[in-house]
Amino acid sequence: MDAHKAAVATIAARVKHFHDIQKPFRLYHGSTNSTRRSNRHAANIVDTSALTHVLSVDTAAKLAVVEPNVSMAALVASTLRHGLVPYVVMELSAITVGGGFSGTSGESSSFKYGAFDSNVFSIEIVLPDGTVTRASKRDKPDLFWGAASAFGTLGVVTLLEVQLRQAGKYVQLTYELAPTATQARERLQKECANDAHDYIDGIVFSPTSTVICLGRMTDELPLGSKPRQFLRRKDPWFYLRAEEVQKQLKKQSPGSTVVDHIPLTDYLFRYERGGFWVARYAFTYFLTPFNRATRYLLDPLMHTGKMYQAMHKSGLGDYYMVQDVGVPVERHEEFQAWLHDSLAIYPLWLCPLRIRRDDPDAAHGLHSEFARPDAPMLLNFGVWGPVPGPQTRRDVVARNRDLEAKVQQLGGKKWLYAHAYYTEDEFWSHYDRRSYDALRAKYHAGHLLTVYDKVKVDIDAEERAATATRAARLKTRVKAVWPVRGLYGVYKTMGGGDYLLQKTKKRDGEKTE
């Protein structure tokens with residue numbers, strides 16, 4: 001804690017400096033799973049990248065005290081040593097506790113336990129004037145819930161108390177097949193009401209094939225069975241296992257199921273290798289065969305953290321749809337049909353989200369409406385893939401704006417970890433500006449960037465930068481030549497060539513880079 005307090009004092013002094021001169025700042029967290037770029041070398045940076053420690057795990061209170069840049073992998077490893085696990089664990093291992101809190105993250109346990117922020121007990125935060133304070137659902141709830149979706153624009157979160165539950169050794173995962181969107185919705189609604197489940201999500205492989213995955217923790221492994229693993233280099237990617245199950249279920253009678261027993265950590269991070277399925281597009285881009293041998297050889301580059309680095313450096317993400325959006329579950333069929341007609345991107349990820357906050361004191365911040373008693377159950381759609389057809393950057397932006405408009409029409413929400421293409425007026429028609437602005441005034445944040453400032457994409461500014469100088473124009477032209485852009489991203493991800501010199505280490509009996 002002494003080291004933590006010293007680090008927070010340094011951060012607070014830096015924040016106060018910007019307050020004194022009334023200048024905005026940006027946070028540098030270190031590596032990121034955001035699709036938005038960051039620049040640690042900018043002059044207006046508050047560097048929090050040292051806040052990476054699990055400070056304690058209280059087994060009696062079932063609380064983990066952690067700094068914001070602790071990854072999900074590190075948090076789960078620490079809590080499992082005590083037989084505990086967070087209620088909500090983001091399914092990509094490098095996502096951080098602070099990112100989950102400020103970004104309204106929801107995962108396969110969120111049908112029951114809500115978003116990650118709903119399972120945080122309290123926070124320590126450096127306010128925009130440099131004051132260090134604490135907030136919780138009972139003490140300064142307006143600040144707590146405002147910060148939960150503010151992306152650092154109400155202050156700098158420096159410590160979080162994360163609520164924990166008893167862990168099981170395995171997840172018994174039952175796969176079911178739904179041949180229509182209506183049947184998928186009906187199954188999801190029914191199973192979300194079944195308290196026996198700990199985890200629920202699904203994968204839409206086509207308009208006529210959705211695999212629904214129902215998980216419950218257990219300490220028992222059936223006699224004669226082997227655990228199904230997904231984290232080792234030799235293991236299949238999880239979505240490929242689900243695809244295999246889909247084919248198996250299609251050959252069986254309706255209502256049949258397949259059951260796997262998965263070690264808990266393997267389940268929680270089952271989408272880590274391959275980034276759900278997005279890494280498959282890298283094989284397509286580089287005209288590389290997609291098979292067990294190539295996945296094994298390229299495994300060090302197929303983990304999500306490396307993929308995000310490559311995406312940032314190459315700029316290829318600017319030409320893909322990378323969005324998570326939630327629509328009321330009753331609008332499932334309409335939205336899925338629209339996605340098929342407009343984009344035809346498959347697979348799609350389905351994840352039911354219980355966004356309602358059962359506390360009137362939670363009606364603060366961007367998502368203040370989540371405290372309403374009629375807040376709907378949302379169904380998250382992960383829409384990740386290349387926009388169909390030959391596309392310019394402006395074409396891709398237009399398709400993203402179409403998606404944003406459709407989600408708004410259906411009464412849904414777009415999650416802001418990704419690029420946002422709204423105009424400012426459009427953005428604030430989605431989110432509670434009155435509550436957000438009131439909090440910014442109360443906590444002296446008027447000089448900071450707004451959430452809209454942080455997430456918006458300015459396509460005009462992008463184009464000006466790409467043509468501002470002769471060197472910029474040359475770089476733009478060179479990157480447009482296949483496969484220069486992709487190779488550049490891989491090269492930078494490998495540390496400019498030093499990556500292959502890194503030491504290998506043993507993990508779960510497998511050598512990994």
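**Working through a domain interface**

**Exercise 1.** How many salt bridges are there between domain 1 and domain 2?

*Step 1.* Count side-chain nitrogens of Lys or Arg within 4 Å of a carboxyl oxygen of Asp or Glu: you get 3 salt bridges between domain 1 and domain 2. Keep in mind that this is a predicted model, where local features need pLDDT of at least 70, side-chain atom pairs count only at pLDDT 80 or more, and totals for chains, interfaces and linings use all residues. Residues are numbered from 1 along each chain as its sequence is written, and side-chain values use heavy atoms, with hydrogens and water left out.

*Step 2.* Now pick out Arg270 and Glu91: they form a salt bridge, with the closest N and O atoms 2.8 Å apart.

**Exercise 2.** Find which elements give two or more residues to the side of domain 1 that touches domain 2.

*Step 1.* Going by DSSP runs (helices H or I, at least four residues; strands E, at least two; numbered from the N terminus), you land on helix 2 (72-80), helix 4 (110-113) and strand 8 (156-166).

*Step 2.* Helix 2 gives the most, with 4 residues.
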